[in-house]
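Me: I have just opened this entry and would like a short tour. Could we start with the overall fold and then move on to details?

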Amino acid sequence: HPRDERHAFRLFLDAAEAGYEKAWHAVAHCRENGIGTLANPVRAATDYRLAAEYGLPDAQFRYAVLLRLGEVVRQNDEESFRWLSKAAAQGHPDAICELGYYYDKGIAVQKDPIRARHLFEEAGSLGCARAMTNLAQLYAVGRGVEPDEEKAVDLFLQAADAGDPRGGVAYAYCLAAGRGCQPDAERGVRVLKQLVDAGVAFANLALADLYFNGTGVQADMPK
């Protein structure tokens, strides 16, 4: 059958209204992103909340993010933390990672970098690439763990290979500066160029920084 987003949305909505609770997350996702219906982020937030109350971890995580952002619902870090905790308790990798970030930064909870490290480790073991980058940053500066730049570089590389572009940029900077590894600025530049080619916008800034400083490239500044 040809792709028909409008019909799919209608079926999701019919299923949700008929009592199939999991369908509310699909309805919310469609309304948030304008898939098969007009985009309505405020209504989507309501749907996410409903799906979250039904115990769906994906919805609990997304609603927690919306509460933290405070753009379509009133910002409430405490409620965000509560919903993240619910999703994390069900093994949601992104929620576990975000909960670690809250502990690391002291958002709605007392700062606890050791607890943050454990959560990043758990999320990373479940395949969350972003958690590996966050864990690497703790090792790089020695927060919640003994500083270990070599370990940080290894984790940045793992994160990059798992799909987190922040890990790739951090890995490139480590190569350029020789932090935790043998200096290899040319390789760092290649890593950044690959990210730029893949459409990672902030990699442009990192690459420009290396060009500006002539690190691993011939400085290319107007005479």
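This is a predicted model: local features need pLDDT of at least 70, side-chain atom pairs count only at pLDDT 80 or more; totals for chains, interfaces and linings use all residues.

Me: What does the C-alpha trace span along its principal axes?

Reply: The span of the C-alpha trace is about 65 × 45 × 30 Å.

Me: And how much of the chain counts as buried?

Reply: Of the 223 residues, 41% count as buried. The accessible surface of the chain comes to about 12,300 Å², and carbon and sulfur atoms make up 50% of that surface.

Me: What share of the contacts with a separation of 6 or more comes from residues 24 or more positions apart?

Reply: Such residues account for 40% of those contacts in the chain.

Me: Changing topic: how many aromatic pairs are there?

Reply: The count comes to three aromatic pairs. One of them joins Tyr-63 and Trp-83 in an edge-to-face arrangement, with 6.2 Å from centre to centre and 80° between the planes.

Me: Where do Tyr-63 and Trp-83 sit in the chain?

Reply: Tyr-63 belongs to helix 4 (residues 57–69) and Trp-83 to helix 5 (residues 77–89), so this pair links distant parts of the chain, 20 residues apart. Both Tyr-63 and Trp-83 are buried.

Me: How are Phe-81 and Tyr-102 arranged as a pair?

Reply: Phe-81 and Tyr-102 are stacked, with 6.5 Å between the centres and 25° between the planes. Because Phe-81 lies in helix 5 and Tyr-102 in helix 6 (residues 93–105), the pair ties together parts that are 21 residues apart in sequence.

Me: Are those two buried or exposed?

Reply: Phe-81 and Tyr-102 are both buried. Ring pairs also link Phe-81, Tyr-102 and Tyr-103 into a cluster.

Me: Now the cysteines. How many disulfides does a search of the whole structure find?

Reply: The search finds zero disulfides. For Cys-174, the nearest cysteine sulfur is that of Cys-181, 5.9 Å away. A disulfide requires the sulfur atoms to be within 2.5 Å, so Cys-174 is in no disulfide.

Me: Last topic: how many positive and negative side chains does the chain have?

Reply: There are 25 positive and 31 negative side chains, and the centres of these two sets lie 3 Å apart.

Notes:
Residues are numbered from 1 along each chain as its sequence is written. Side-chain values use heavy atoms; hydrogens and water are left out. Buried means under 20% relative accessible area, exposed over 50%, partly exposed in between (1.4 Å probe, protein chains only). Contact means heavy atoms within 4.5 Å. Accessible areas come from the Shrake-Rupley method with a 1.4 Å probe; for residues, only the protein chains shown count as cover. Lys and Arg count as positive and Asp and Glu as negative; His and the chain ends are not counted. The place of a charge is taken as NZ of Lys, CZ of Arg, CG of Asp or CD of Glu. Rings of Phe, Tyr and Trp (its six-membered ring) pair if their centres lie within 6.5 Å; planes under 30 degrees apart count as stacked, over 60 as edge-to-face and the rest as tilted. Helices (H or I, at least four residues) and strands (E, at least two) are DSSP runs, numbered from the N terminus.
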